[in-house]
Amino acid sequence: MRKIGYNEEYALQSVNGQYKDLLNMCRNEADYIQMTIEKSGSLVALACVVGSVLATKDYPVEIETYSTYIGLIGQMTNDLADIKTWNEKNDLLNKKYSLPILYLLNYKDKDLNFIHEYYLDQVEKSEIVKNQELISAKFVGKSKRRNSELSWS
């Protein structure tokens with residue numbers, strides 16, 4: 001019976017997070033993190049918690065915690081991949097507010113002002129498509145340089 005309770009709890013959290021995502025409700029980092037934990041973190045937690053309960057009849061709270069964060073990281077990875085891919089899944093083209101887009105909208109660069117205007121419906125999608133190389137060079141390219149500059153020694 002306890003397994004059914006976990007299924008319902010995590011499934012409802014995931015549906016709630018998916019609902020927030022579909023409505024494009026997240027306009028800041030905290031809202032995005034909360035939505036993503038609900039949407040993706042709860043699904044990974046569901047699998048891990050049910051697996052633990054089936055194997056041991058219980059689960060340490062650490063399993064729920066780490067599995068929730070694995071789901072969060074997985075969704076963030078997907079969102080980063082989406083912004084680098086210029087197809088129908090691109091969050092920028094679809095005016096979604098994923099974490100990379102929130103950072104892009106807060107990135108101060110006069111050459112990229114048209115992105116803010118796009119989200120305010122002041123320019124067309126064609127302007128974004130026309131400037132995809134500039135966007136990639138300024139945003140995605142800088143991200144690669146920053147990551148390569150990190151020292152792990």
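1. At 12% relative accessibility, D21 counts as buried, where buried means under 20% relative accessible area, exposed over 50%, and partly exposed in between (1.4 Å probe, protein chains only). The residue belongs to a predicted model, in which local features need pLDDT of at least 70, side-chain atom pairs count only at pLDDT 80 or more, and totals for chains, interfaces and linings use all residues. Residues are numbered from 1 along each chain as its sequence is written, and side-chain values use heavy atoms, with hydrogens and water left out.

2. D21 forms a salt bridge with K39, with 2.6 Å between the closest N and O atoms; the term denotes a side-chain nitrogen of Lys or Arg within 4 Å of a carboxyl oxygen of Asp or Glu. D21 lies in helix α1 (residues 2-22) and K39 in helix α2 (residues 29-56), so the pair ties together parts that are 18 residues apart in sequence. Helices (H or I, at least four residues) and strands (E, at least two) are DSSP runs, numbered from the N terminus. Like D21, K39 is buried.

3. D21 also forms a salt bridge with K96, the closest N and O atoms being 2.9 Å apart. This pair links distant parts of the chain, as K96 is in the loop between α3 (61-84) and α4 (99-106), 75 residues from D21 in helix α1. K96 is partly exposed, with a relative accessible area of 23%.

4. A further salt bridge joins the side chains of D121 and K95, at 2.2 Å from N to O. D121 lies in the loop between α5 (113-119) and α6 (125-130) and K95 in the loop between α3 and α4, so the pair ties together parts that are 26 residues apart in sequence. D121 is exposed, with a relative accessible area of 59%, whereas K95 is partly exposed at 22%. As to shared partners, salt bridges join D21, K39 and K96 into one network. The count of salt bridges comes to eight.

5. The loop between α1 and α2 holds N24, which is buried with a relative accessible area of 19%. The side chain of N24 reaches the backbone nitrogen of Y97 at 2.9 Å. This is a polar contact (a pair of N or O atoms within 3.5 Å; within protein, one must be able to donate a hydrogen and the other to accept it, and residues adjacent in sequence count only if both atoms are side-chain atoms). Leaving aside neighbours within four places in sequence, N24 is in contact with K95, K96 and Y97, contact meaning heavy atoms within 4.5 Å.

6. M25 is likewise placed in the loop between α1 and α2, and at 43% relative accessibility this residue counts as partly exposed. Together with Y19 and L23, M25 forms a nonpolar patch on the surface with about 320 Å² of accessible area. Patches are made of residues with over 30% relative accessible area and no salt bridge: like charges are joined within 9 Å, nonpolar side chains (Val, Leu, Ile, Met, Phe, Trp, Tyr) within 5 Å. Accessible areas come from the Shrake-Rupley method with a 1.4 Å probe; for residues, only the protein chains shown count as cover.

7. The largest nonpolar core has 22 residues, and those with the most contacts inside it are L92, L104, L112, I115, Y119, I128 and I135. α2, α4, α5 and α7 (132-149) each supply at least two residues of this core, and its largest share, five residues, comes from α4. Such a core is a set of buried Ala, Val, Leu, Ile, Met, Phe, Trp, Tyr and Cys residues joined through side-chain atoms within 4.5 Å. Apart from it lies another core, of nine residues, among them Y10, V49, V53 and Y59.

8. Helix α4 is mostly covered, six of its eight residues being buried: L99, P100, I101, L102, L104 and L105. In the loop between α4 and α5 lies L112, which counts as buried at 2% relative accessibility. Not counting residues up to four places away in sequence, L112 touches L104, Y107, L134, I135 and K138. L112 and F139 are 27 residues apart in sequence and 9.6 Å apart in space, C-alpha to C-alpha.

9. Finally, the chain as a whole has seven helices and zero strands. Of its 153 residues, 39% count as buried. Among contacts between residues at least 6 apart in sequence, 53% join residues at least 24 apart. The chain exposes about 9500 Å², and carbon and sulfur atoms supply 57% of it.
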